[in-house]
Amino acid sequence: MKTLNRENIDFELFLKEKIAINCQTEEDCIDFLKMCDEVGIKWGSGRRASSVTYFDSYGKDTCYSYVNSKGDSGLCSGSFGFHSRKIGLRIYKWQTLNNDNKEITDDKDKKEMINHPSHYNQGIEVIDIIESWGLNFSLGNAIKYILRAPHKSNQIEDLKKASWYIKREIEFLEKSCKEDETIVS
């Protein structure tokens with residue numbers, strides 16, 4: 001998932017309802033919503049963006065988008081899943097910058113990104129699916145790339161990778177069937 005911050009966000013895409021912003025900490029929520037205040041973006045109710053974060057409702061899956069329908073427009077909050085599946089927006093992670101305009105990270109965040117990255121975990125982790133179904137390497141990788149594709153910046157590339165692993169598995173099975181036929185005859 002691509003990271004956006006105060007230095008590189010394109011509010012034009014946000015206002016055109018093309019992207020959503022995922023804030024994984026309350027600090028990120030506050031930073032993003034203050035940025036919305038600075039550019040004049042408000043909640044649909046007309047309240048200042050920074051008046052409420054909704055982080056208590058969605059936690060690290062908190063996402064914001066802009067809605068403009070039937071004359072009503074403004075910020076919308078919801079979960080990562082809602083924004084990616086129901087609305088179909090491309091989601092970018094918000095990263096708060098420190099005073100030197102460098103991304104803020106801590107050891108807990110780094111460990112979480114290694115063990116359970118949120119963009120690979122949509123309620124159940126892919127590894128759990130692969131292991132519970134007892135899938136081999138090729139099928140496991142195909143499933144991995146298919147399930148992760150909607151959360152990546154280049155979905156087509158991941159789906160092509162999945163296709164490559166599926167083709168490899170088909171070739172293996174076809175070869176195995178021919179060898180079995182040779183042994184039987």
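At 5% relative accessibility, Val126 counts as buried, and this residue belongs to helix α6, which covers residues 126-133. The structure described here is a predicted model, and its secondary structure comes to eight helices and five strands. Buried residues such as Val126 make up 35% of the 185 residues in the protein.

**Overall layout**

- Among the elements are strand β1, at residues 3-4, helix α1, at residues 11-15, and strand β2, at residues 19-23.
- Further elements include helix α2, at residues 26-39, and helix α3, at residues 55-58, as well as helix α4, at residues 80-86, and strand β5, at residues 90-94.

**Helices α6 and α7**

- Val126 of helix α6 and Tyr145 are separated by 19 residues in sequence, while their C-alpha atoms are 9.4 Å apart in space.
- Tyr145 is one of the buried residues of helix α7, and the others in that helix are Ser138, Gly140, Asn141, Ala142, Lys144 and Arg148.
- The N-terminal end of α7 is capped by Asn136, which places a side-chain oxygen 3.2 Å from the backbone nitrogen of Ser138, a residue that is itself buried.

- The side chain of Asn5 reaches the backbone nitrogen of Glu7 at a distance of 2.7 Å.
- His83 is part of helix α4 and is buried, with a relative accessible area of 0%.
- A polar atom of the His83 side chain lies 3.1 Å from the backbone oxygen of Ser79.

**Positive phi angles in the backbone**

- Glu17, a residue other than glycine, has a positive phi near 60°, and its place is in the loop between α1 and β2.
- With a relative accessible area of 33%, Glu17 is partly exposed.
- Tyr54, likewise a residue other than glycine, has a positive phi near 65°, and it lies in the loop between α2 and α3.
- Tyr54 is also partly exposed, with a relative accessible area of 29%.

**Cysteines**

- The structure holds zero disulfides.
- Cys29 is in no disulfide, and the nearest cysteine sulfur, which belongs to Cys23, is 4.4 Å away; a disulfide would need the two sulfur atoms within 2.5 Å.
- Cys29 is buried, with a relative accessible area of 0%.
- Cys76 is in no disulfide either, the nearest cysteine sulfur being that of Cys63, at 9.9 Å.
- Cys76 has a relative accessible area of 19%, and because buried means under 20%, this cysteine too is buried.

**The cavity**

- The structure holds one cavity of 30 Å³ or more, and the volume of the largest cavity is about 90 Å³.
- The lining of the largest cavity is formed by Met1, Lys2, Phe80, Ser84, Leu89, Arg90, Ile91, Tyr92, Pro150, His151, Lys152 and Ser153.
- Helix α4 and strand β5 are the elements that give two or more residues to this lining, and the largest share, three residues, comes from β5.
- By residue type, the lining of the largest cavity divides into six nonpolar, three polar and three charged residues.
- Helix α4, which contributes to the lining, is also the helix in which the buried His83 lies.

Notes:
Residues are numbered from 1 along each chain as its sequence is written. This is a predicted model: local features need pLDDT of at least 70, side-chain atom pairs count only at pLDDT 80 or more; totals for chains, interfaces and linings use all residues. Side-chain values use heavy atoms; hydrogens and water are left out. Helices (H or I, at least four residues) and strands (E, at least two) are DSSP runs, numbered from the N terminus. Buried means under 20% relative accessible area, exposed over 50%, partly exposed in between (1.4 Å probe, protein chains only). On a 1 Å grid over the protein atoms alone, a cavity is a set of points where a 1.4 Å probe fits but cannot get out, and a pocket is an open set with protein on both sides within 12 Å along at least five of seven lines; lining residues have an atom within 4 Å of a point. Grid points are joined across faces, edges and corners, and a volume is the space filled by probe spheres set on the points. Ala, Val, Leu, Ile, Met, Phe, Trp, Tyr, Cys and Pro count as nonpolar, Asp, Glu, Lys and Arg as charged, and the others, Gly among them, as polar. A polar contact is a pair of N or O atoms within 3.5 Å; within protein, one must be able to donate a hydrogen and the other to accept it, and residues adjacent in sequence count only if both atoms are side-chain atoms.
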